[in-house]
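Hello,

Here is the structure for you to look over. Notes on the helix packing and the sheet follow below it.

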Amino acid sequence: MSLFKTQTLPCPDCGTAVDFEVVHSVNADRRPDLRDAIVDGSFQQQPCGSCGRLFRVEPELTYLDQAQGLWAAVRPAADRDAWEGAEREVSSLYARSFGADAGAGAQALGAKLRPRLVYGWGALREKLVASAAGLDDVELELFKLAVMRGKAGVMAGGLAELRLTEIDGENLVLAWFRAGDESFIEGLSVPRALYDEIAADHTDWQPLRDEVSAGPLVDLQRLI
Ligand SMILES: [Zn+2]
């Protein structure tokens, strides 16, 4: 089931109260239109009735997509520094929903799901774009690390994050976004062959692979 609840939020420009149908749970198998809206960026975004400014609610929801084998707890981008505590909460929530503490039927579903913690709409969108293209999110983070070498200072300062945005033939299209407001900085295109090379490497890349996949936050954030 996809669950919505009406909440009133102030417009960031003029302060007018705007009613939002805020989502708390998305079942993408039953509502593929919601998955599409997350990918096209329109989900949970609407105009202010007074000044027309489009704005978007920060995500705080669970996302279930059995077709893509994904279960994700999605949190606001601004909360990302608290990821270690959030991982414990999310692991326990997942255990009760589809893991060791769930009923037999739910556990059978859970056997095909990857539990994830993501911060911000951009990070959720990236997981959906990657899985639709048959890319593994752990390998994708290692690929991004390879692309970023030399720009690591930007990441270390927490100023920007690199996200997969689309697939263009044999290239993976990436973009840098500002960490706070997820606004676009610049794009770049990298041959998919680099991804394939890393995914096939189980020696040099293995220690970092183990680190990136050590918990539900499969993100370079955990290496910083
Ligand atoms: Zn307004």
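In which hand of crossing does α1 pass α4? The crossing of α1 past α4 is left-handed (the near helix is turned anticlockwise from the far one by less than a right angle; clockwise would be right-handed). This is a predicted model, in which local features need pLDDT of at least 70, side-chain atom pairs count only at pLDDT 80 or more, and totals for chains, interfaces and linings use all residues. Residues are numbered from 1 along each chain as its sequence is written.

Helices (DSSP H or I, at least four residues) and strands (E, at least two) are numbered from the N terminus. The axes of α1 (residues 32-40) and α4 (residues 121-132) come within 9 Å and cross at roughly 115°. Axes are lines fitted to C-alpha atoms, for helices over the stretch in contact, with angles from 0 to 180 degrees between N-to-C directions. On the α1 side, Arg35, Ile38 and Val39 meet Trp121, Leu124, Arg125, Leu128 and Val129 of α4 (contact: C-beta atoms, placed from the backbone, within 7 Å). Six of the residues in this contact are nonpolar, none polar and two charged (nonpolar: Ala, Val, Leu, Ile, Met, Phe, Trp, Tyr, Cys and Pro; charged: Asp, Glu, Lys and Arg; polar: the others, Gly among them).

The sheet is open, with five strands in the order β1-β2-β5-β6-β7 and mixed pairing (strands pair if DSSP finds at least two bridges between them). β1 (3-10) and β7 (114-119) are its edge strands, each pairing on one side only. β2 (residues 17-27) and β5 (residues 61-65) pair in the parallel sense over three bridges. Val26 stands opposite Tyr63 in β5. Helix α2 (residues 83-97) packs on the sheet, touching β6 (70-75) and β7, and its direction makes about 145° with that of β7.

Regards

Definitions and conventions
Contact = placed C-beta atoms within 7 Å.
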